[in-house]
Every structure is written in C-alpha cells, then in structure tokens.
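Dear colleague,

Please find below the structure that I am handing over to you. I would be grateful if you could look through it before reading the notes that come after it.

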Amino acid sequence: MADEPLVLGIETSCDETGVGIVRGQTLLADAVASSVDEHARFGGVVPEVASRAHLEEMVPTIDRACHEAGVALRDLDAIAVTAGPGLAGSLLVGVAAAKALAVALGKPIYGVNHLASHVAVDIVEHGPLPEPAMALLVSGGHSSLLLVPDVTDDVRSLGSTMDDAAGEAFDKVARVLGLPFPGGPHIDRVARDGDTVAIDFPRGLTSRRDLERHRFDFSFSGLKTAVARWVESRQRSGEPVPVADVAASFQEAVVDVLTRKAVLACREHDVEHLLIGGGVAANTRLRALAEERCVKAGVMLRVPRPGLCTDNGAMVAALGAQLVSRGREPSDLGLPTDSSMPVTTVLA
Ligand code: KG4
Ligand code: ZN
C-alpha cells in the first residue's frame, strides 16, 4: 500500500554490508555484499578489513537495493541504520552513510539496535509479530534469549552467552576439525553422516546449580575445549578422527542446550511464540530439534528463511518501518554508534 512507510535500512555491524528496502511489512529489496572471503584465511573477522570493505561496498549496495526495489532515493520516507552493537569501525561506516543520505534527502534517521532488527525481520517473512514473543538469537557475534513484548519499544534480555557465541563455537570447532571458515555450514553438512550420541560432550550451564544462577545463560567455551581435547587425544594415539561423529555430537550439544533453554523460557514466561534468528538459525539440526520440542511444548515456532537470519539490511529496514508506523520519534542527526549497545535500547 502506497501510504505505508518506505524505509531504507543499512546494516554494517560485522562483515556484511546490507541495504534493504521495506514498504510497511513488505520486503522490496535486500542487497548484501559480504567480505567473509577476505577474512577466511585469518579464521575470523578482522575489524579493519571489514570496515574497509564496507566503505567500498556501501554506494554500490545502496544502488543495487534501489534498483531491485524500483524506487528512487527521493521516494524514501526514512533511513534506518544499525547503531550498535557491533564492530566500532564497521558501525561508523554505516551510520555515516545513513546520516549523509538523511541530510541530502531531508529525511528522518532511525539508529536501531542490531538484535531487535534480527527479531523484526520476521515480520516481512511471516507477518506481524506476536506480542509477546520469545527470541533466540544465535550468530557468530551473539547468543541471546530475549523476551519481546514490543519489538519497537520493549525488548528484555533473559540471558546471553557468558563466553563464546554459538556461531563462534561452531567456527572454532570447525577449525579443530580442519574445516574451512566460517565453520557452521560445514559442520552442519558433515554432521549429517555422523552419530549425535557417539561422544557425550558437555552441556554448558545445565546442571541444577547452574540453572539456578544462569537459567537462560549459555556457555560454549567448555564444550569447545572438550572437543579440542578429545580430538587431540585421538591424534596423539595415532587413531583417525571420526570427523562426522565429532561434528554431529558437538552440534547436538549446542542445539540441545539452545532449544531446551528457549522452550523453558517460553513455558516459564507464558509465551506461545518462539522466534529463532542469527546465522546459526540456518542450522538444519537446530531447526529440526526446535520444531520437535516446540510442538511438544505447544509453542509456535517462527524461523525466517536463512538469507534473512544472517546479517542483512532488510532487518534494519523492517524495524525502521515499524518505528515509523508506530509514530516513534526519529534519532538525532548527531546519533552516535555504540559498539556495546544494550539490547534494551531499541532506538538510539
Ligand atoms: O548472523 P551471521 O551471518 O553473522 C554474525 O552476526 O555473526 O552469523 C554467522 C555465524 C557464523 O559463526 C557461522 O558459522 C554460523 O553463523 N552459521 C552456522 C550455519 N550457517 C552459518 N552455524 C551452524 N550451522 C549453520 N548451518
Ligand atoms: Zn547479527
């Protein structure tokens, strides 16, 4: 509908330069340029390399999004941009570009939270968000369980990772197994031929005592170390490493804890809808086990398609459009970036 807000969203918090365009709840364009290949040989994202890539890709990606959506910049009603959390230098490139557009076009700017955007993106896939919703966000940079009464205004953290993010654990274990970066998709693929109960890897923060203090928190660094030790001891004794079994057993340990805690949170907070987002939400075993446990618990599961789970501009545009529709005040043009923006701050 032409009277719905037309919003362009810019995302540069990590290694994806994303520009999305949304009208109301309809996705019109989702252009993404990733610098992931440039980081592969370092085994992780190098902030300086990421910032430089954002700078090079920003204008071409904006052009591509406008072309894809068939809109001109002057048609936009607002610009939304990730203000945090994320890599400081990368965020600066996106926010500077958004400010330039806002000033040049005379349009309002909305500096939004990256995590809230991961939740809001499901609106363009599955329609309005149930209020409240529970959200499990799992990626290379974050593992959070959020209670979301209103994605434009009220996002509460129930728990997060105490050490490595879920995707980070996938990437580190993949390295131990000699698989390329980013490791998540490779572990997912290799694990299909493995046995999930071949090795009994630890489930972090699930003991009765841990559940009292860290009910909805996660910890994956002990698991990562356990996998590395197990592989090393095999190698030392000259036995072959059963890569598929290690991958399947490790993956099971991660998705078991994630889904168990997410469903527990839904039950205890009386929430009927669970949303999963972030790059790790592309994991086939996570999707299957979440579906199985949600059905059992009477919880409705929503997972956006993989392309909308990883970092992209559409998610920022989707949240921006919600903010405009609900009449929220835009951000100040002096809007700062905040690399450790708390999840409770939806709009800077
Ligand atoms: O959301 P994303 O693209 O960027 C961050 O904000 O980090 O997530 C990337 C992370 C990487 O750690 C990658 O290994 C993981 O998501 N990932 C997966 C899968 N696809 C991507 N992890 C497990 N299984 C997958 N299929
Ligand atoms: Zn993300």
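The notes below concern a helix pair and some backbone features.

Please bear in mind throughout that this is a predicted model.

Helix packing. Two packed helices are described by the angle between their axes and the distance between the axes. Here, helix α6 (residues 166-176) and helix α9 (residues 221-236) have axes that come within 10 Å and cross at roughly 5°. Angles under 35 degrees count as roughly parallel, and α6 and α9 are therefore roughly parallel to each other. On the α6 side, the contact is made by K172, V173 and V176; α9 contributes K224, V227, A228 and V231. Sorted by class, this contact has 5 nonpolar and 2 charged residues, with no polar ones.

Backbone features. Most residues other than glycine have a negative phi, and most peptide bonds are trans.

- P85 belongs to the loop between β4 (78-84) and α3 (88-105).
- The loop between α5 (122-126) and β6 (133-138) holds P132.
- L205 is placed in the loop between α7 (184-191) and α8 (208-213) and, at 13% relative accessibility, counts as buried.
- D270 lies in the loop between α10 (243-268) and β9 (273-277) and is exposed, with a relative accessible area of 70%.

Yours sincerely

Note on methods: Residues are numbered from 1 along each chain as its sequence is written. Chains are lettered from A and ligands numbered from 1 in the order in which they are written. This is a predicted model: local features need pLDDT of at least 70, side-chain atom pairs count only at pLDDT 80 or more; totals for chains, interfaces and linings use all residues. Side-chain values use heavy atoms; hydrogens and water are left out. Axes are lines fitted to C-alpha atoms, for helices over the stretch in contact, and angles run from 0 to 180 degrees between N-to-C directions. Helices (H or I, at least four residues) and strands (E, at least two) are DSSP runs, numbered from the N terminus. Angles under 35 degrees count as roughly parallel, over 145 as roughly antiparallel, 65 to 115 as roughly perpendicular and the rest as oblique. Contact means heavy atoms within 4.5 Å. Ala, Val, Leu, Ile, Met, Phe, Trp, Tyr, Cys and Pro count as nonpolar, Asp, Glu, Lys and Arg as charged, and the others, Gly among them, as polar. Buried means under 20% relative accessible area, exposed over 50%, partly exposed in between (1.4 Å probe, protein chains only).
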